[in-house]
Amino acid sequence: MHVHAAPTKKTQRVLQFSVAATLGYVGLTLFAGWRAHSLALISEAGHNASDALALVLSFVAVYFQMRPANPRKTFGYHRAGVLAAFLNALALMVISVWIAWEAVARFQHPAGVHPKIMMAVAAAGVLMNGVIATLLWRVSHDVNMRSVYIHMLGDTLSTAAVIVGGVVIFFTGMTWVDPALSLGIAAMIFWSSLGIVRETLNILLEGTPRGLRLEEIRTRLCTIDGVEDVHDLHVWSLGSNSHALATHVTIPDIPPSESQLILENIRCMLRDKFHIQHTTVQFENAPCEVSHGCASPLEVSDAGHGHHHGHSHGHAHDHEHGHVH
């Protein structure tokens, strides 16, 4: 059982403050948007409301991530943060489509906008979102926290754009700037959220982690003294910052005590070069036929060495068991 880096109490406090401040600003922005007849402000309120939900989901995910692994959840709750980020990103994509729809309707039916209210409320939003984004940046070590950081950074930039729009409307009277800004905000939200959806889906579907190539890992393993062949190689993510690997490695017919050095070299290389902490290595000294990721019992018996596990704390175990991916 492994203990990986987990969120801290500081992360929880940052999220609590962010939720409270964001909800307060949502109420202010909705009221101001209604008074100023500004779709850009109302879209900002919707965006911030979705961010408040994102922050709440992230807070819940952090709570679960801080819980230790147990016999029923042997990898802990690392996927809780990934799932929260996935839901947050989907919600933001829906919000962005709604903002774009409303902006197109506003082009067709223009409305008078009060730029002074726009600028005053947006200035308060830039200050609040900027502070929250800075705090989140300091604790954005996984995809969950990075997703809400991107949301708040996007809020800061889009709210600054509302100020620019208010200035343009005040001096020129061009009210079409308001829905144009809304379209720009919607596009930015959609694009940033799409990246989070892709990354989280890859983790949830146990795809190869971003930035890692199986062929490179296999080649590196084969350069280690004593390693004759590497096959049935699997690499996946437990969470956004925690990767795992399982593989079959062919080595000479040597006693298990002598194979320990090979195992240690494999574990150290995977940790130092690829940042893979959780490794499951099955040593074999005869060819095996692999079907659906598992060697047949006869093949495992012939291999003689069973399974070896390399762990981040430096211990290795030599035992036989069924391993399915």
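**Legends to the close-up views**

**Figure 1. Overview of the chain and its surface.** The chain exposes about 15700 Å², of which carbon and sulfur atoms supply 64%. The model shown is predicted, and its chain has nine helices and seven strands. Of the 325 residues in the chain, 47% are buried. When contacts in the chain between residues at least 6 apart in sequence are considered, 72% of these contacts join residues at least 24 apart.

**Figure 2. Close-up of helix H1 and helix H4.** Two packed helices are described by the angle between their axes and the distance between the axes. Helix H1 spans residues 9-36 and helix H4 spans residues 115-139, and their axes come within 10 Å of each other while crossing at roughly 165 degrees. Because angles over 145 degrees count as roughly antiparallel, H1 and H4 are therefore roughly antiparallel to each other. The crossing in which H1 passes H4 is left-handed. Sorted by class, the residues in the contact of H1 with H4 comprise 18 nonpolar, six polar and two charged ones.

Figure 3. Ser 18 is a residue of helix H1, the helix whose axis comes within 10 Å of the axis of H4. The relative accessibility of Ser 18 is 0%, and Ser 18 therefore counts as buried, since the term applies to values under 20%. Leaving aside residues up to four places away in sequence, Ser 18 touches Leu 55, Ile 132 and Leu 136. Helix H4 covers residues 115-139, a range that includes Ile 132 and Leu 136 among the residues touched by Ser 18.

Technical notes
Residues are numbered from 1 along each chain as its sequence is written. This is a predicted model: local features need pLDDT of at least 70, side-chain atom pairs count only at pLDDT 80 or more; totals for chains, interfaces and linings use all residues. Side-chain values use heavy atoms; hydrogens and water are left out. Axes are lines fitted to C-alpha atoms, for helices over the stretch in contact, and angles run from 0 to 180 degrees between N-to-C directions. Helices (H or I, at least four residues) and strands (E, at least two) are DSSP runs, numbered from the N terminus. Angles under 35 degrees count as roughly parallel, over 145 as roughly antiparallel, 65 to 115 as roughly perpendicular and the rest as oblique. A crossing is left-handed if the near helix is turned anticlockwise from the far one by less than a right angle, and right-handed if clockwise. Ala, Val, Leu, Ile, Met, Phe, Trp, Tyr, Cys and Pro count as nonpolar, Asp, Glu, Lys and Arg as charged, and the others, Gly among them, as polar. Buried means under 20% relative accessible area, exposed over 50%, partly exposed in between (1.4 Å probe, protein chains only). Contact means heavy atoms within 4.5 Å. Accessible areas come from the Shrake-Rupley method with a 1.4 Å probe; for residues, only the protein chains shown count as cover.
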